[in-house]
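User: I've got a model open and would like to talk through its surface, its fold and its charged pairs. Can you take me through it?

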Amino acid sequence: MQSQQKSPLTNGQPAPLLSSEAAQPVQGEPESQRLADAAQKNNGFIIVNSFLDSINRIEELLEKETALLRSDSLIPFDELNRKKSYGLLELRHAIEALKSAGCRPLGFDPSPALIRLRALLQENRELLISHLHAAGTITTVIARAIQDYESDGTYTVHMARKAGAK
């Protein structure tokens with residue numbers, strides 16, 4: 001029985017392993033050329049899968065952080081930022097590998113995955129901005145309360161105007 005694996009290039013349907021495809025001779029094609037072509041195609045699948053895996057890891061992190069932001073839970077920002085930075089670096093390397101390998105002949109289009117990632121990033125960004133704005137508002141209120149508590153009224157705007165009127 002021929003061994004099969006799921007492939008993103010066949011919409012999740014099982015695709016024959018490339019090594020079994022390479023084993024079938026092509027009339028008039030030199031053995032070394034056939035093996036080189038099969039290896040190049042296999043390398044393309046590895047690069048595409050690496051790209052998709054890195055996208056999936058970043059999406060999982062974004063979904064986790066977004067859920068935490070929505071639930072008002074304690075958020076481990078240092079850990080999430082470190083993982084997102086590493087994921088984006090990994091994605092950058094995968095994109096460079098895709099460009100250099102030229103995976104278009106394999107029928108792979110990275111656009112849908114990148115569009116989906118962009119949408120998740122935008123949603124996450126909006127929630128982060130909202131939380132930063134709320135934190136800034138709370139900080140301002142607390143700073144004013146401390147200032148009012150510590151002040152005896154000597155250096156307030158009202159007192160400065162009185163002193164300037166004399």
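Predicted model: local features only at pLDDT ≥ 70, side-chain atom pairs only at ≥ 80, totals over all residues.

User: What percentage of the residues count as buried?

Analyst: The cut-off here is under 20% relative accessible area. The protein has 166 residues, and the part of them that falls in the buried class is 23%.

User: Is Ser54 buried or exposed?

Analyst: Ser54 sits in helix α2, which covers residues 31-71. Leaving out residues up to four places away in sequence, it touches Glu90, Leu91 and Ala94. Its relative accessibility is 0%, so Ser54 is buried.

User: Which residue forms a salt bridge with Glu90, and how many residues apart in sequence are the parts the pair ties together?

Analyst: The partner of Glu90 is Arg57, with the closest N and O atoms 2.5 Å apart. Glu90 belongs to helix α3 (residues 77-101) and Arg57 to helix α2, so the bridge ties together parts whose separation in sequence is 33 residues.

User: How exposed are those two, Glu90 and Arg57?

Analyst: Glu90 has a relative accessibility of 23%, so it counts as partly exposed. For Arg57 the relative accessible area is 40%, which means that Arg57 is also partly exposed.

User: Which helices does the pair Glu123 and Arg70 tie together?

Analyst: Glu123 forms a salt bridge with Arg70, and their closest N and O atoms are 2.3 Å apart. The two ends lie in parts that are 53 residues apart in sequence. Arg70 is exposed at 52%, whereas Glu123 is partly exposed at 28%. Because Glu123 lies in residues 111-150 and Arg70 in the other element, the helices are α4 and α2.

User: What about Glu96 and Arg92: about how many helical turns separate them?

Analyst: These two form a salt bridge as well, with the closest N and O atoms 3.3 Å apart. Glu96 is partly exposed, at 40% relative accessibility. Both residues are in helix α3 and 4 residues apart, so the separation is about one helical turn.

User: And how many salt bridges does a search of the whole structure find?

Analyst: The pairs discussed include Glu90 with Arg57 and Glu123 with Arg70. Over the whole structure, the search finds 6.

Definitions and conventions: Residues numbered from 1 in each chain as written. Heavy atoms only, no water. Buried < 20%, exposed > 50% of the residue type's maximum accessible area, 1.4 Å probe, protein only. Contact = heavy atoms within 4.5 Å. Salt bridge = Lys/Arg side-chain N within 4 Å of Asp/Glu carboxyl O.
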